Amino acid sequence: MKIFFLFTFSTFFWSPFEQAAASVHYDKILTHSRIRARDQGQNVCALQQVMGTKKKYFSTCRNWYQGAICGKKATVLYECCPGYMKMDGMRGCPAVAPIDHVYGTLGIVGATSTQHYSDISKLRGELEGRGSFTFFAPSSEAWEQLNSEIHRNLIDNVNIELYSALHHHMVNKRMLTKDLKNGMTLVSMYNDQKLLINHYPNGVVTVNCARVIYGNQIATNGVVHVIDRVLTAVGNTIQDFIEVEDDLSSLRAAAITSDVLDILGKPGHYTLFAPTNEAFERLPRGLLERIMGDKVASEALVKFHILNTLQCSEAITGGAAYETLEGNTVEVGCDGESLTVNGVKMVKRKDIVTSNGVIHLIDEVLIPDSAKQVTELGGAQQTTFTDLMIQLGLASSLRPEGQYTLLVPLNGAFSDDTLRMDQRRLKTILQNHIINVKVGLNELYNGQELETIGGKLLRVFLYRTAVCIENSCMVRGSKEGRNGFIHILRQIINPAEKTLHEMLRNDKRFSVFLSLVKAADLDDVLSQPGKWTLFVPTNDAFKGLTDDDKDILIRDKNALRNILLYHLTQGVFIGSGFEPGVTNILKTIQGGKLYLKTVNDTLLINELKSRESDLMATNGVIHVIDKLLYPADLPVGNDQLLTILKKLIKYIQIKFVRGSAFKEIPLTFYKPIIKTYTKIIDGRPVEVTEKKVTEERIIQGPEIKYTRITAGGSDNEEKLKKLLEDEVTKVTKFIEGDGHLLEDEEIKRLLQGAGTEYTKVTKVIEGEPQIIEREIKKVHLEAPVRKEQPTRRTQGGTARRRTRLAYP
């Protein structure tokens, strides 16, 4: 009858608690353990035990599927879930564990050492009596691992020391795991000592960093949670510990210098990875002195060792990133029994619990990027660049108080030929990767220009999944240091030096394509400033093209322009800026579409491989192909042209629709150069707009029109000399009869080398008006007007114009 009563009472008593606990981490993990073991029978839980140890865990999905905890292989165990027990001859754990007072429950959960010590310390009567207690009971293994001297002192004085120690493990109210909230503080039954509770997302619950290994064992007068270590009294604050610990004197000095020490004396839930004196001694002396002499850097250094969360070692079952007070993250993990920081075993002593957090002593100093000079930010994949910076004296030229951005290519970007270059040339290449301002990744925008310390302007191109600077695109790994940013690039940057037209003209591979461009009057498009992507066929693409074929193409200018402008798109598109394997559709100036994608670092255009990509020009980029491109949906209506195109294009079927004509493409898709600037005229600013235009001049004869420079008398010559010195930029020709001006050496010097940009001498034309000259010239659309002198006649009666000088 008594057994039946206990069974019924315990079933009634447990059920509401079990239901209420369903929403917290520990209980969620326990539920998953039940699910994993459902094939083993009723109320069975699956656990993982680290091989070679007695450590067991109700595991997260991550650890379960990895089959490992802290990098160590774990075996699977099946045990009765807390509160249940086996019955002979029956599968699973069908029976509820008997319920007893706290003292008897210690025996039920296997905490026999704690039960024994409760007995000899006269605590048993209290544990069997009336009340509602929570007992965090150390396992028998926990007592064995206790420091032998502490253990002996407790046993030698059971009535006071041992009794007090056991009371320190108790709370005077029932607290199930669902009630143990992360960051809460409980008051123990010994001297109101604090018990710091942490409840982690992975289901681990700790009290003063001791892990609950078997929780929620209900007793008639409370609850028992078995823990994996004996609790010691919580000390004062982290600040208090640092101030009295001799082995942390270097950290103490750094914390005082940076005004961080006081933070560690305030209430909170901190984790401090505290470098020992030996760790500081291993730092290069110059590095430590520089950081300690810079308050911002020293503050960053100390804060980088502090987490704003309390991370006990027993709660870490795998790697995770945690934010520091400095703002960046550290990776905290474990390797067997050892804690790791950023993948390195460096923790000498763990879980020093204080009233506002926990301390782990480490034997390395963690230096955040924010405390490093920009030249120190490079990783293992950027050593070639950083080593060259040192060898060529560029690293020492970057001032600690300066602001820089380094664009650092990966090691593999430096070929043997590059490394064998003359040092002066190599230094110039590196200078093209150093910007004199601090520019973060989120400050870059499309079309931005960055000036290098070598004076070059680098263009920024932003795409959907890439950021490129000239021909080179970034990879992950941008960092911010004390005096600058570092961005990692795939290739060495090649700043543009020439226009698209100049690049075609200087490369014999493109001579046929260039001749067709010229015949189609498209030279200006490729010469003027702009943002173009040009797909250029090499001469190999025109094999089999005869002179007669070429003449036929040239005569049909509409057809020729349609073909050529299908190779041109507006905008600069870098090959490595495309998302790999994804098709990108570009509209050409001709109106058709090009289909681009990158496969295995090769750019494909309409499925044709680019033989060489990302040749940068000042007004765009060139991708080299060995086939002529042609829009598949554009029909040809001329038999001769069809025959020519079939010679050149064999990778698609060209449509023939007799009588169809190519549309005319006017050259309105680009704008001529317009330049606006301000000049000071007669003491006031005047805005001047300059534009390059094509001018056709019709001259009617007989009349002589020419520009000349005149002077009359020494006074006028002096004025002319002053005018030449102060204002003239270009003078064109000398008119016969003015040769006496050249007798003045100063005027002669000023006139020598003048160009032909602003004025021209015309010709005498008799008869019908005709166009005698077509020229590109700079025209002032808005400019200050100078008062002209009245026209006078020369000897012989012919009208002539007085001096009219052109100004920039």
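**View 1. Cysteine 80 and cysteine 93 are joined by a disulfide, with an S to S distance of 1.9 Å.** A disulfide here is a pair of cysteine sulfur atoms within 2.5 Å. The model is predicted: local features need pLDDT of at least 70, side-chain atom pairs count only at pLDDT 80 or more, and totals for chains, interfaces and linings use all residues. Residues are numbered from 1 along each chain as its sequence is written, and side-chain values use heavy atoms, with hydrogens and water left out. The link of cysteine 80 and cysteine 93 is left-handed, with -85° about the S-S bond. Helices (H or I, at least four residues) and strands (E, at least two) are DSSP runs, numbered from the N terminus. Cysteine 80 counts as buried at 19% relative accessibility, and cysteine 93 counts as buried at 1%. Buried means under 20% relative accessible area, exposed over 50%, and partly exposed in between (1.4 Å probe, protein chains only).

**View 2. Four strands form an open, antiparallel sheet in the order S2-S1-S4-S3.** Strands count as paired if DSSP finds at least two bridges between them. Strand S2 (56-57) and strand S3 (68-69) are the edge strands, each pairing on one side only. Strand S1 (residues 44-50) and strand S4 (residues 72-80) pair in the antiparallel sense over seven bridges. Valine 44 has cysteine 80 in S4 as its bridge partner. Helix H2 (residues 25-36) packs on the sheet and touches S1 and S4 (contact: heavy atoms within 4.5 Å). The direction of H2 makes about 100° with that of S1; axes are lines fitted to C-alpha atoms, for helices over the stretch in contact, and angles run from 0 to 180 degrees between N-to-C directions.

**View 3. A disulfide of 1.9 Å, S to S, joins cysteine 45 to cysteine 81.** This link is right-handed, with 105° about the S-S bond. Cysteine 45 is in strand S1 and cysteine 81 in the loop between S4 and strand S5 (84-85), so the pair ties together parts 36 residues apart in sequence. Cysteine 45 is buried, at 0% relative accessible area; cysteine 81 is buried, also at 0%.

**View 4. Cysteine 70 and cysteine 334 form a disulfide between distant parts of the chain.** Their sulfur atoms are 1.9 Å apart, and the link is left-handed at -90° about the S-S bond. Both cysteine 70 and cysteine 334 are buried.
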